[in-house]
Structures are given as C-alpha cells and as structure tokens.
Amino acid sequence: MLIDFHTHLDAYTDKTALYEQLRNFDGTIIAASMDIDSYKQNLRIAEIISAEGGAKIIPTFGIHPACSQNWADKLPELDPFLEQSALIGEIGLDYEWAKDSPQDKQIKVFRHILGHCNINKKVCVIHTKGAEQDVLDILSDYPDAKIVIHWYDGPEEIFKKFMERGYRASFGVQTVRSPFLQKLLKMTPKDRLLAETDNPESEIWLGGTRSDVGLIKKVYADMAQILECPLQELEAQIQSNAESLLF
C-alpha cells in the first residue's frame with residue numbers, strides 16, 4: 001500500500017478530477033492543512049471518498065507559518081481542531097517564503113501547537129524553510145511530540161541532529177532532481193523514511209507537468225532507484241514506518 005504522507009487535497013481546483021483519482025487510488029493520503037478552512041475542506045473530501053470507496057484519507061489540522069499572523073492572538077480558537085485531529089500538520093517556521101508573517105507570531109503559534117502535540121504524544125509534520133536552527137532549538141522543548149520533518153533542504157548538520165533525535169523525514173518530488181537531497185535521503189535510517197508529493201503544486205513548481213494523486217508512485221520509484229533497493233522492499237518499509245505512526 002502506497003502512503004503519501006504530505007499533500008494538500010483542498011488546494012486542487014478541479015475537484016471532479018480529484019475525486020475520480022481518489023476513487024481509483026489504493027493507498028493512504030495524509031491531507032495536510034494550512035488553516036481552519038483548509039482543514040474543513042479536507043474533512044469534507046475525506047467524508048465524500050469514505051462514502052464512495054477509494055483512498056484512505058487522513059485529514060490533519062495545522063496552521064502553516066504563512067498563516068500564523070492570523071491566529072497568534074486567537075490561540076484558544078485552535079484548540080478544538082487540535083483535539084479533533086489525530087495527526088497535526090502542517091506546522092513550523094518559514095523565514096524565507098513567509099516573510100509577511102512576523103517571526104514572533106510564527107513562533108507563538110508553533111509553540112502552542114507543539115505543546116498540544118507534546119502533551120498528547122501526537123505526530124506533527126514540520127515545515128522548516130529558512131528557520132532550521134530555530135526549529136531545532138524549539139523542538140528540543142517538546143520531546144514527546146512525534147516529529148516528521150517535511151521536505152527538508154536546509155543545512156546538513158541540522159539534518160544530522162534531527163536524525164540523532166530519532167525524527168522521521170519525508171522525501172518528495174525534488175529528491176530526484178537534487179544531489180543534496182539524495183545525500184540526505186541516503187543518510188536517513190530506513191526505518192524513519194516517509195514519502196510525499198506535496199501535491200498539487202510542488203511538481204509543477206519544479207518544472208514538471210503532473211499533480212495527480214498517482215504521482216506518489218513515481219516518488220517511490222525515484223527513492224528506490226536512489227537508494228539502490230528493490231521497489232517492493234521500499235514500499236514495505238515505508239508502509240511499516242507510516243503505520244507505526246498512524247495506527
């Protein structure tokens with residue numbers, strides 16, 4: 001069973017095509033959210049597909065760092081959604097692309113959500129762009145949160161420290177294009193590997209043409225080739241890794 005550990009189903013504009021793809025996908029999709037509205041959309045998509053049959057969809061609530069300024073002064077409003085969501089994501093810090101969101105507000109929201117994850121020992125998917133050292137430092141205060149580092153491409157030394165702490169890491173569509181990410185992939189213990197597409201925008205952003213749900217199959221194939229391991233072996237390993245977090 002293929003597992004896409006990070007995608008944004010709510011961001012698809014053609015929902016008719018999306019539903020058709022989801023009906024024909026035999027796997028699990030972790031549907032990340034950017035804010036309350038996107039979480040509600042993901043819940044609705046999961047509800048529809050659950051009734052019709054197809055992919056297993058797990059919506060996850062999170063506040064993306066780019067949206068943090070909208071919630072830093074309304075943190076209690078997040079709590080019911082944090083309680084509802086079995087996993088948390090996407091959360092984190094972004095000092096490179098989310099410059100319109102003040103860093104202090106990003107940190108305030110990030111710490112609030114991590115506090116919930118720490119108390120409840122929840123899985124949380126972490127965005128780190130341009131803020132890798134701050135993320136590393138802050139995460140040390142929440143040792144019981146179960147951390148998944150999403151699409152990391154920051155300093156190698158910080159990635160090594162993430163691995164030393166036992167964090168998981170998800171690799172996606174840029175990996176086949178980046179020797180540096182291939183190096184990080186090979187550094188990651190196999191029992192901590194996860195795969196993601198970050199659909200629907202990431203492959204297009206990198207110059208590709210695909211945004212379909214089936215893109216995760218290519219990610220697996222690329223990872224297997226880079227790691228020089230049989231595809232079925234990698235699929236089984238990632239399934240085991242994901243299930244240890246999900247079930």
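Q: Before anything else, what counts as a cavity or a pocket here?
A: On a 1 Å grid over the protein atoms alone, a cavity is a set of points where a 1.4 Å probe fits but cannot get out; a pocket is an open set with protein on both sides within 12 Å along at least five of seven lines, and lining residues have an atom within 4 Å of a point. The model is predicted, so local features need pLDDT of at least 70 and side-chain atom pairs pLDDT 80 or more, while totals for chains, interfaces and linings use all residues. Residues are numbered from 1 along each chain as its sequence is written, and side-chain values use heavy atoms, without hydrogens or water.

Q: OK, how many cavities of 30 Å³ or more?
A: Two, from a search of the whole structure. A volume is the space filled by probe spheres set on the points, with grid points joined across faces, edges and corners.

Q: What lines the largest cavity?
A: Trp-151, Tyr-152, Ser-170, Phe-171, Gly-172, Thr-175 and Leu-181, around about 40 Å³ of space.

Q: And by class?
A: Four nonpolar, three polar and no charged residues. Ala, Val, Leu, Ile, Met, Phe, Trp, Tyr, Cys and Pro count as nonpolar, Asp, Glu, Lys and Arg as charged, and the others, Gly among them, as polar.

Q: Which residues line the second largest cavity?
A: Asp-4, Thr-7, Leu-9, Tyr-12, Ile-29, Asn-199 and Val-213. The lining has four nonpolar, two polar and one charged, and the volume is about 30 Å³.

Q: Switching to pockets: what lies nearest the centre of the largest one?
A: His-64, Trp-97, His-127, Asp-198 and Ser-202, out of 24 lining residues. The largest pocket holds about 580 Å³ of space, and its lining divides into eight nonpolar, nine polar and seven charged.
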